[in-house]
Amino acid sequence: MPPILSICGAEKRYPTGLTALGGIDLEVQRGEIFALLGPNGAGKTTLISVVCGTVTMSAGSVSVGGHDVVRDYRAARATIGLVPQEISLDIFATVWNTVRFSRGLFGRAPDPAYLEQLLRDLSLWEKRDSRTIELSGGMKRRVMIAKALSHEPDLLFLDEPTAGVDVNLRRDMWVLVRKLRDKGVTIVLTTHYIEEAEEMADRVGVIDKGRLLLVEDTAALMRKFGQRRLRLALRKPMTSLPPELAEWPLEIQADGHQLLYTFDAEGEGTGIPGLLRRLGELGIDFKDLETERSSLEDVFVSLVGRA
């Protein structure tokens, strides 16, 4: 099955000399959740804007659902829903009229039953007759999401959808995302909540300075770059590591009260049994130990820092 989104050599250069995108190649498959991660100014929003047709490429090509976003822009945009970072709504329109009007803009036939279910899923049904100006910030964000989904798009872009919103909306948002994916909608999201990307996304792309550093299955990325840590709470503080422990990459933390050992969980051996045995031989006693695995945030920070 061909990808729903295909980006080939996409570049965006400004007259000032700034290169916002430096040749992006990316394919997103139908029905997947793809997370695009990167620091502020990395090019995430610019890339989404190129696909959605609000920013013109300097070079390259983009197709959505087989439609070129430049030559066949009407058909391409009809398959896209976009929830931008900024809230942009007619403050005097009611919630119902906002989503109904947005659906009509894309030439879709009226479907009150679909719009009702959409508003119910977003906990907006009771606010359907309220004007936007009367809503809280979180409710306005929900209206933005409903507006983007009003024409039943095949590809939904969520640009920082939960930034600055309450916990309830974040929970409702991810429940809705899962429901949409189950119905075959493809979701591309950017988020600062990297733990959400780790939990939700099938694949992750890391972008920095306008270039994709990698695109990987989330689970495979964690196996490839993820590490595990062993923390030892010492009974007596240490000021320095004995030479006999040089073969283990250890760090002294918590003012000498803790030892941190980082190891590759996928390697042939963790080195833990030998470390614990050597600590016993040296008379270094500990009162507690715990292991933890690195998060996607750790991997992201490592990759961006390395780049």
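This is a short exchange about a predicted model.

Colleague: Why is G60 called partly exposed?

Modeller: Its relative accessibility is 46%. Buried means under 20% and exposed means over 50%. The value for G60 lies in between, so G60 counts as partly exposed.

Colleague: Where is G60 found?

Modeller: In strand β4, residues 59-64.

Colleague: Which residues is G60 in contact with, leaving aside its neighbours within four places in sequence?

Modeller: C8, G9 and A10. Contact means heavy atoms within 4.5 Å, so each of these has heavy atoms within that limit of G60.

Colleague: How far apart are G60 and D25 in sequence and in space?

Modeller: They are 35 residues apart in sequence. In space the separation is 9.1 Å, C-alpha to C-alpha.

Colleague: On to helix α4. Which of its residues are buried?

Modeller: In α4, residues 112-121, they are L115, L118 and L119.

Colleague: What do the buried residues of α4 pack against?

Modeller: Against α3 (95-105) and α5 (137-149). Just after α4, S123 takes a positive phi of about 55 degrees.

Colleague: And the whole protein: how many helices and strands does its secondary structure come to?

Modeller: 10 helices and 14 strands. Of the 307 residues, 45% are buried; each of those therefore has under 20% relative accessible area.

Colleague: What share of the contacts with a separation of 6 or more comes from residues 24 or more positions apart?

Modeller: 70%.

Terms used: Residues are numbered from 1 along each chain as its sequence is written. This is a predicted model: local features need pLDDT of at least 70, side-chain atom pairs count only at pLDDT 80 or more; totals for chains, interfaces and linings use all residues. Side-chain values use heavy atoms; hydrogens and water are left out. Helices (H or I, at least four residues) and strands (E, at least two) are DSSP runs, numbered from the N terminus. Buried means under 20% relative accessible area, exposed over 50%, partly exposed in between (1.4 Å probe, protein chains only).
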